[in-house]
Amino acid sequence: MQATARAHPNIALVKYWGKRDTRLNLPAVGSISITLDTLHTTTEVKFDAELTGDSVLLNDKVNVAEAERVIACVDLLREIAGVQTCVEVRSSNNFPTGAGLASSASGFAALVTAVDAALNLKLSKAKLSELARRGSGSAARSIFGGFVEMRLGVESDGSDCVAGPLLDASDWPLAVTVGVVSHAAKDVGSTEGMELTRETSPCYPAWVAEAETDLGIARDAVQEKNFEKLADISEHSCLKMHALAMSAQPGLMYWYGPTVEGIHRVRQLRRAGHAVFFTIDAGPQIKVVSLPDEVDTVTDALNDIGGIRDILRTGLGSGASCD
Ligand code: PMV
């Protein structure tokens, strides 16, 4: 009744922003992502009849709000298993938590993978993806490695709103260099930000209407391994998502100065012929995707920007798995 699992964060290239159902956590748009390798969450779960209550430790600390989300997700698997046994969850990240580095993605993917093993459920990857989605939309994608697509689905119960693999990491081994601008957790979390955007942004209907077109272009770019095409659609999706968030009332602004400086530097490199592009999630970190032989050039460019606190280098990695 105990297991340990590891999962990696993923970065969306075609972004998800907005929900069509908050209870089931169903996204309003599909998304395409890459799963990373060196950054990871390790989650240990232990079900024990001797325990008198559930407990959750995240990075060795108690966090009541996060613990509630974790236990709500564990409950979905306890229900499938038909057990009520209490659980001890210990989860830790080897990278900053809650600052736009997708810690909730790796966190919930590792959680459902560990609980599935501990309860000996042997659920399919698609089912694990659906369950991870209930914890955090982007977590559905971290069940898989390499290039991943999160499908919108048509069922009202969300059973077909799951992620699936597009291309293995080894088939197109891109590099990701993250310029960490701040280690602080963001002011407005993604769920709150998405709901505010849906309710108040005049741009929201256009965002939803264009999503399938963007996904089609990115899907083709991945299948063709066409870097330029993937760069163009990824930067477009990123800027469009942030423009959308900024157009909410009050406007959401996730960028700091070095984030904007990073965008300009990456554009300069692209214009000079380097195979690089940027993407940014709900936080100030600038993420640069490149061919592997561009990593030193990217690192130098990021190092040159005042205000970049840390640089993390990673490649593309595998899906969630048990130790
Ligand atoms: O899965 P959530 O609720 O953390 O939302 C993720 C939102 C973005 O990272 C900004 C975009 C995405 O598709 O991952």
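**Group meeting: a walk through the predicted model**

Residues are numbered from 1 along each chain as its sequence is written, and side-chain values use heavy atoms, with hydrogens and water left out.

Back to Thr41. Is it buried or exposed? Thr41 is buried, because its relative accessible area is 0%; buried means under 20%, exposed means over 50%, and partly exposed is in between, using a 1.4 Å probe and protein chains only. Its side chain makes a polar contact with the side chain of Ser106, at 2.7 Å. By polar contact I mean a pair of N or O atoms within 3.5 Å; within protein, one must be able to donate a hydrogen and the other to accept it, and residues adjacent in sequence count only if both atoms are side-chain atoms. Leaving aside neighbours within four places in sequence, Thr41 is in contact with a list of residues including Ala5, Ser91, Phe95, Ser103 and Ala110, where contact means heavy atoms within 4.5 Å.

Further along, strand E6, residues 41–47, also holds Lys46. Lys46 is partly exposed, at 32% relative accessible area. Among the residues Lys46 touches, beyond four places in sequence, are Met1, Gln2 and Cys86. From Lys46 to Ala109 is 63 residues in sequence and 17 Å in space, C-alpha to C-alpha.

Ala109 takes us to helix H2. Which residues of H2 meet H3? On the H2 side they are Phe108, Ala109, Val112, Thr113 and Asp116, and on the H3 side Leu128, Leu131, Ala132 and Gly135. By class, that contact has six nonpolar residues, two polar and one charged. For the classes, Ala, Val, Leu, Ile, Met, Phe, Trp, Tyr, Cys and Pro count as nonpolar, Asp, Glu, Lys and Arg as charged, and the others, Gly among them, as polar. Remember that an α-helix has 3.6 residues a turn, so residues three or four places apart point the same way.

Now the geometry. The axes of H2 (residues 103–118) and H3 (residues 125–135) come within 9 Å and cross at roughly 130 degrees, and that makes H2 oblique to H3. Axes are lines fitted to C-alpha atoms, for helices over the stretch in contact, and angles run from 0 to 180 degrees between N-to-C directions. Under 35 degrees counts as roughly parallel, over 145 as roughly antiparallel, 65 to 115 as roughly perpendicular, and the rest as oblique.

In the loop between H2 and H3 you'll find Lys122. Its phi is near 55 degrees, a positive value in a residue other than glycine. Lys122 is exposed, with a relative accessible area of 67%.

What covers the buried residues of H3? The cover includes strand E4, helix H1, H2, helix H4, strand E9 and strand E10. The buried residues in H3 are Leu128, Ser129, Glu130, Leu131, Ala132, Arg133 and Gly135.

The side chain of Ser31 makes a polar contact with the side chain of Arg141, at 2.8 Å. Ser31 is in strand E5, residues 31–35, and counts as buried at 1% relative accessibility.

Next, another helix pair. H6 and H7 pack at about 160 degrees with their axes 9 Å apart, and they are therefore roughly antiparallel to each other. By class, their contact has ten nonpolar, two polar and six charged residues. In the loop between H6 (204–224) and H7 sits Lys225, with phi near 50 degrees, again a positive value in a residue other than glycine. Lys225 is partly exposed, at 41%.

Gln249 and Pro250 are joined by a cis peptide bond, with omega about -5 degrees. Pro250 is in the loop between H7 (227–246) and H8 (257–271).

Last stop, Leu316, in the loop between strands E14 (310–315) and E15 (321–322). Leu316 is buried, with a relative accessible area of 11%. Beyond four places in sequence, Leu316 touches residues including Ile34, Phe147, Trp172 and Val176.

Conventions: Predicted model: local features only at pLDDT ≥ 70, side-chain atom pairs only at ≥ 80, totals over all residues. Helix = DSSP H or I, 4+ residues; strand = E, 2+ residues; numbered from the N terminus.
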